[in-house]
Amino acid sequence: MIAWRAGTVVSLGRRWTGAHEVLVQVGDEQLQALAYDDVVGPVEAGAAVLLNVTALERGLGTGGYALVVARTDALPADPPPAPGHLVKARYTPQQVMVLGVDDQESVHHDLLQDADDVLGMPVVTADLHSALPAVVAGARHAAAAAGRPAPRIAYVMTDGGALPVAFSRTVAALREAGWLDTCITAGQAYGGDLEAVSVHSALLAARLVAGADLAVVSQGPGNLGTDTRWGFSGVLAGDAVNAAAALHGQPVASLRVSGADPRTRHRGVSHHSLTAYGRVALATADVPVPVFTGLGESLDQLGSQVRAQTTTLSGRHRLVDVQADAELLAALRRCPVRLSTMGRDLDDDPGSFLAAAVAGVHAAALAAG
């Protein structure tokens, strides 16, 4: 069931591509809410709005937001006629219609109609959305260190977490900084520069339409887990390995690592990575293993734990040692977005971001040939 609230917008907060924060008066309290431009239209102070507060009431990780469902005092204008017949968030009250990159009405339809090869493009797969900026930072750092131009990077957002890409301030900031060349929303996810029906069609679009040198595949913000082996949305990382291999790409399986998570199942290499890559991924991937160098005893110990845990993946995958040193850590500090995972930042849990960054380093090397 949905918990509904009605209120009045008091003030407007931060804006980023496709979304803006609003403060809403609901009875005697004020709630921070998020409004999507393409869903509710323009919202200003004094507007009457309907809110979905279900996750907020339960204290779940929605960024602390109520979600604006609609204005109740004014409807946005109908969108102008446009091509496209892909429906996403299908059969929900807020389903949207978009132009798919391979839609019959798309200018790219003929190119993609029989396409089935991404021409060796490296594809980094990751469990958490928070890995994205670290992977990108690692790829750019590796290119710069080798005297090469920064690679063109496409982000494929799956529908395991948030469906609207506008929820991600990370994607908006990386796009604005020029660190991310294109975003492709796959499955039920929507709002990217390109829309795709599946991860497979998204990867083909990344390579053949966007001209990406490498792609990163992960769910959007809002990982879902149940403290069971199979009940977590990041299991899709294993499926992404299979998709990349099926299309003749080079899968690069980024490890979810933590030296600070209080939960035993996520210390060192998370059981999410061990399950997704050890059981779900049926194709062979490169698994970059961080070799922490000159970063202190705690990271040395974490590195030893990670190495021991990843041996279980060596039967199917190629373990690739990648140096994670002070220069890579400095590159992460230059990232144009704040690095944060499960409430921990770079200083709280450097191993987490360095493990993602070495996947970017390795993918950039593969892209360079």
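A salt bridge is a side-chain nitrogen of Lys or Arg within 4 Å of a carboxyl oxygen of Asp or Glu. This is a predicted model, where local features need pLDDT of at least 70, side-chain atom pairs count only at pLDDT 80 or more, and totals for chains, interfaces and linings use all residues. Residues are numbered from 1 along each chain as its sequence is written, and side-chain values use heavy atoms, with hydrogens and water left out.

**Exercise 1. Find how E57 and R5 meet, and state which parts they tie together.**

Step 1. Start with the total. A search of the whole structure gives 16 salt bridges.

Step 2. Take one of them. The side chains of E57 and R5 form a salt bridge at 3.6 Å, N to O.

Step 3. E57 belongs to helix α2 (residues 54-58) and R5 to strand β1 (residues 4-16), so the bridge ties together parts 52 residues apart in sequence. Helices (H or I, at least four residues) and strands (E, at least two) are DSSP runs, numbered from the N terminus.

Step 4. Check R5. Its relative accessibility is 28%, so R5 counts as partly exposed. The scale is this: buried means under 20% relative accessible area, exposed over 50%, partly exposed in between (1.4 Å probe, protein chains only).

**Exercise 2. Which residue meets R14 in a salt bridge, and which meets R15?**

Step 1. R14 meets E21, at 2.6 Å from N to O.

Step 2. Compare the exposure of the two. R14 is partly exposed at 46%, whereas E21 is buried at 6%.

Step 3. R15 meets D37, at 3.1 Å from N to O. R15 lies in strand β1 and D37 in helix α1 (residues 37-40), so this pair ties together parts 22 residues apart in sequence.

Step 4. R15 is exposed, with a relative accessible area of 54%. D37 is partly exposed, at 24%.

Step 5. Salt bridges can also link up. D261, R263, R344 and D349 form such a network.

**Exercise 3. Describe the aromatic pair, then the charge over the ring of W16.**

Step 1. Count. The structure has one aromatic pair.

Step 2. Name the partners. Y65 and F167 pair edge-to-face, with 6.3 Å centre to centre and 85° between the planes. The rule takes rings of Phe, Tyr and Trp (its six-membered ring) whose centres lie within 6.5 Å; planes under 30 degrees apart count as stacked, over 60 as edge-to-face and the rest as tilted.

Step 3. Locate the rings. Y65 is in the loop between α2 and β5 (66-71), and F167 is in the loop between β9 (153-158) and α5 (169-177), 102 residues apart. Both Y65 and F167 are buried.

Step 4. Turn to W16. The charged end of R169 sits over its ring, 5.2 Å from the centre. This requires NZ of Lys or CZ of Arg within 6 Å of the ring centre and within 35 degrees of the ring normal.

**Exercise 4. Where does L119 lie, and where does M342 lie?**

Step 1. Most residues other than glycine have a negative phi. L119 has a positive value, near 60°. M342 also has a positive value, near 50°.

Step 2. L119 is in the loop between α3 (109-112) and β8 (122-125). It is exposed, at 53%.

Step 3. M342 is in the loop between β18 (340-341) and β19 (344-345). It is partly exposed, at 42%.
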